[in-house]
Each structure stands twice: as structure tokens, then as C-alpha cells.
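Thanks for coming. I have one structure to go through today, and I will keep to a few places in it.

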Amino acid sequence: VETVEFHRDRGVSVTVYKGQRKGHASSSDDNRDSLRATLAAATAIAGYTEEDRYAGLAPAADLAKEVTDLDLYHPWAMDTQAAIEQALRCETVARDDARIVSSEGASVNSGASLRVYATSEGFLHGYRGTHHSRVCSVVAEDEAGMQRDYWYSASRRREDLEDAPEIGRIAGARTVRRLGARKLNTCQVPVLFEAPVASSLLSHFIGAISGGALYRKASFLLDHLGKSVFSDFVHIYEQPFIPRAMGSAAFDNEGVKTVRRDIVAGGELEGYVLGSYSARRLGLKTTGNAGGVHNLTIDHGDRNLSELIRNLGQGVLVTELIGFGVNTVTGDYSRG
């Protein structure tokens, strides 16, 4: 056992507008004296910053009037010894192969949070949430060298987590399958991204259609609304109201109500990802995405991973990526 850790954080942040001047301050202490000092600091900063005609609160008409209970709070009264036993069981199962020679660790984690947001427009709402996970990472070795891989499970409810032995089994199997690797000759073939890796493709796409990149004219997808950006079978959308989902939220970081909406439909770009500030810069309306997207979803076809691999013929299955060669200004994508 390497680490047993408990921690509890709290904090408050205040943003003040003096006309079109903005000041912000935060504190990890919530006693009255600290709150007064934090407010005084934010107010003082607002007196010195440059005016920005796009600054200000989110429009009152866009704020969430009612906050739906999305069943996000499921605390786990975790017993320390039981958590240790789960982590050890996970690692033991993962190492049940002579080729697994080392471990990068297994862990069991549980967290709970409470977030409250208030503005002088009259918005005052909050919600609790929980996040639980089990993770395991191991190292395998053969005459050609060493390889590592991992597996994890995360959920709002501990009952929805994969069992510790199953996480260990998958982590071990994924690691062993990397042994015996060889280099490919240069070729032009179909490429299939495994689901945990494919999410990074969507992440870079969302970055390119987010307000900050757009109003700075630093995106290759500027002025692409209504244009084709994917094959016509691609459907990407937000689902903020899925009960117990990790990305569910009834309002964004500015209190703006979230909505289920298409981002890409029929391969065409249907909407950007905007908070109120970037929306004003672009002459558009906020999309309720201050702080990011909510349960971003891409529809799958009728074939599972094994069937997709068989359909590749000669191709490449990508299970891990290295490097950061992604340029959202030009759209160039180059990673190992």
C-alpha cells in the first residue's frame, strides 16, 4: 500500500463588474473576514482593468429558472481497509500472467462535491455530485521489451462500477496483447480509433468550434455553420439531462440553462460551443456551454469493435496516442 489519502477542499470565487470593467478574486477560506477581503479585492481589480464592451453577466432570459434533479449524488461510505482490499484484488488479478512483471498501481477513489452559483440577476442554484472510480495499470515484458496498459471504471454510483477483478483482468489482457509488436511499413490504410482514444478526436473538434478559438479567428472551422465537416452518417449531440451521467448539468458555469442539441447532424455543423462572452463577441447567443459540453455523444453504427476490425481488411487499430501535434488554426493533425 503506497498511499491512503483523504482531503477536503472548499473555496469561493467572486466576479464583480463595474460597468464594462471586470474584477475577479478567490479564496479557500470562507469565514466572514476572508469573504469581505475577497470581495474587496475583486472590486478593487474591477476599478483598474480595461473596459471590455462584451463583458457582463449572462442574459437573465437565458438563465435556468428551474433546476432538475439529475440524480448525481450517491455518496460512498468507503471503509479504508475495504478499499485497500479492492485495489489489491484488482492488481492481483491483473498480474495473473507470468508475462506481467510489474505494476504501476491500482487505486480505488471516491469523491463528493457541492457547487452553488449565484448572481445579482437573481440566479441562486446548486447541486451535489459524486464521482467514484477504480483503476489499474500494469507492465508486461518479453524478449523484445516492456509494454504497459491500463483499464478503469468511473461512475456516479459505486454500484455501477465494474468489479475490481474485472478491471484487473482487462488491464492485464490489454497489456499482454501489446507484446510482440513490430513496425509497419509506410502505408495508406483505414484507421480505426478505439473508443477511449477516439474521445480525443472529439475533444479537438470541440476546441475548434469553441467560442474562444472562433472570435480570435484561430480555428479552421470558422464560418462553417451549415457546412459539411464529417461524413454524412455522423451525428454528434449533447445530452445534459441523463440521470447519473458524469457530464449531466441543468445549468452551465454562468447559470445558463443547458439544452439537448445537435452539434453535427448529417455530417453538417449545426452549432458552435459558446458561453455568453464569446457569443457576444461573435454576435450570437450563448449555447449554455460556459465551462464545456455536457455528455457529448456520437451515435454508433450496428457493428461492434470486433466486426469493425474485420471490416478494415488491412488497416490500423489505434489504442494509444502520443504527442500534441494538433493545430486547430489550420486543422493539421499529426500524432504518434
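Predicted model: local features only at pLDDT ≥ 70, side-chain atom pairs only at ≥ 80, totals over all residues.

Everything I quote is computed from it.

Start with the charged pairs. Side chains of opposite charge can pair when their charged atoms come close. How many salt bridges does a search of the whole structure find? The count is 18.

One of them joins aspartate 30 to arginine 10 through their side chains, at 3.3 Å from N to O. Aspartate 30 sits in the loop between strand E2 (21-27) and H1, while arginine 10 is in the segment before E1, so this pair ties together parts 20 residues apart in sequence. Both ends are partly exposed: aspartate 30 has a relative accessibility of 41%, and arginine 10 has 46%.

Next, aspartate 160, which has two partners to mention. Its side chain meets that of arginine 157 in a salt bridge of 3.0 Å, N to O. It also meets the side chain of arginine 244, at 3.9 Å. The bridge to arginine 244 links distant parts of the chain, 84 residues apart: arginine 244 is in the loop between strand E7 (236-238) and strand E8 (261-265), and aspartate 160 is in the loop between strand E5 (145-155) and helix H3 (164-176). As for cover, aspartate 160 is partly exposed at 37%, arginine 157 is partly exposed at 25%, and arginine 244 is partly exposed at 31%.

There is also a network of salt bridges with shared partners; its members are Glu104, Arg148, Asp149, Arg174, Arg177, Arg178, Glu194 and Glu320.

Now the serine. Is serine 34 buried or exposed? With 17% relative accessibility, under the 20% cut-off, serine 34 counts as buried. Serine 34 belongs to helix H1, residues 32-46. Its side chain makes a polar contact of 3.2 Å with the side chain of aspartate 29. Leaving out residues up to four places away in sequence, serine 34 touches Ser27 and Asp29.

On to helix H4, residues 195-208. At 1.5 Å a residue, its 14 residues should span 20 Å, and the end C-alpha atoms are 20 Å apart, which agrees. The buried residues in H4 are Val197, Ser200, Leu202, Phe205, Ile206 and Ala208.

Last, the surface. Val1, Val4, Phe6 and Leu88 form a nonpolar patch there, together showing about 440 Å² of accessible area. Valine 1 lies in the segment before strand E1 (12-18), and valine 1 is exposed, at 74% relative accessible area.

Terms used. Residues numbered from 1 in each chain as written. Heavy atoms only, no water. Helix = DSSP H or I, 4+ residues; strand = E, 2+ residues; numbered from the N terminus. Buried < 20%, exposed > 50% of the residue type's maximum accessible area, 1.4 Å probe, protein only. Polar contact = N/O pair within 3.5 Å; in protein donor to acceptor, adjacent residues only side chain to side chain. Contact = heavy atoms within 4.5 Å. Expected span 1.5 Å × (residues − 1). Patch = residues over 30% accessible without salt bridge, like charges linked within 9 Å, V, L, I, M, F, W, Y side chains within 5 Å. Areas by Shrake-Rupley, 256 points an atom, 1.4 Å probe, with all protein chains shown as cover. Salt bridge = Lys/Arg side-chain N within 4 Å of Asp/Glu carboxyl O.
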